[in-house]
Amino acid sequence: MATTTAVARFFAGRDFTVASNTAIAGLRIEATDGPFTTGSGDLLRGPTLSLVMGMALRGPL
């Protein structure tokens, strides 16, 4: 969980190779299985890995 949370924080903090920070603008993101939270606005909740995939602009596996 610690690694997935670190990746989520990385994606939430910047637009690096994908526009992950831009993709979550205006949203409050909360992990249901770990400590990750970020942003403000409309609530989006889910497992950390699913949130990471969404921020990476990837569909479900």
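Colleague: Why is L49 called partly exposed?

Modeller: L49 has 47% relative accessibility. Buried means under 20% relative accessible area and exposed over 50%, with partly exposed in between (1.4 Å probe, protein chains only). L49 therefore counts as partly exposed. This is a predicted model, in which local features need pLDDT of at least 70, side-chain atom pairs count only at pLDDT 80 or more, and totals for chains, interfaces and linings use all residues. Residues are numbered from 1 along each chain as its sequence is written, and side-chain values use heavy atoms, with hydrogens and water left out.

Colleague: Why does L57 count as exposed?

Modeller: The relative accessibility of L57 is 52%, so this residue counts as exposed. L57 lies in the segment after α3. Its phi is near 60°, a positive value in a residue other than glycine.

Colleague: Where is L49 placed?

Modeller: L49 belongs to helix α3, residues 48-55. Helices (H or I, at least four residues) and strands (E, at least two) are DSSP runs, numbered from the N terminus. The C-alpha atoms of L49 and T32 are separated by 10 Å, with the two residues 17 apart along the chain.

Colleague: What makes α1 and α3 roughly parallel?

Modeller: The axes of α1 (residues 2-13) and α3 cross at roughly 30° and come within 9 Å. Axes are lines fitted to C-alpha atoms, for helices over the stretch in contact, and angles run from 0 to 180 degrees between N-to-C directions. Angles under 35 degrees count as roughly parallel, over 145 as roughly antiparallel, 65 to 115 as roughly perpendicular and the rest as oblique. The two helices, α1 and α3, are therefore roughly parallel to each other.

Colleague: Which residues make the contact between α1 and α3?

Modeller: On α1 they are T4, T5, V7, A8, F11 and A12, and on α3 they are T48, L49, V52 and M55. Contact means heavy atoms within 4.5 Å.

Colleague: What makes β2 and β3 edge strands?

Modeller: The open sheet has 3 strands in the order β2-β1-β3, with mixed pairing. Each of β2 (37-39) and β3 (42-46) has a single partner strand, so one side of each is left without a neighbour in the sheet. The twist from one strand to the next averages 15°.

Colleague: How do you know that β1 pairs with β2?

Modeller: Two strands pair if DSSP finds at least two bridges between them. Strand β1 (residues 27-31) is joined to β2 by 3 bridges, and the two run antiparallel. The bridge partner of I29 in β2 is T38.
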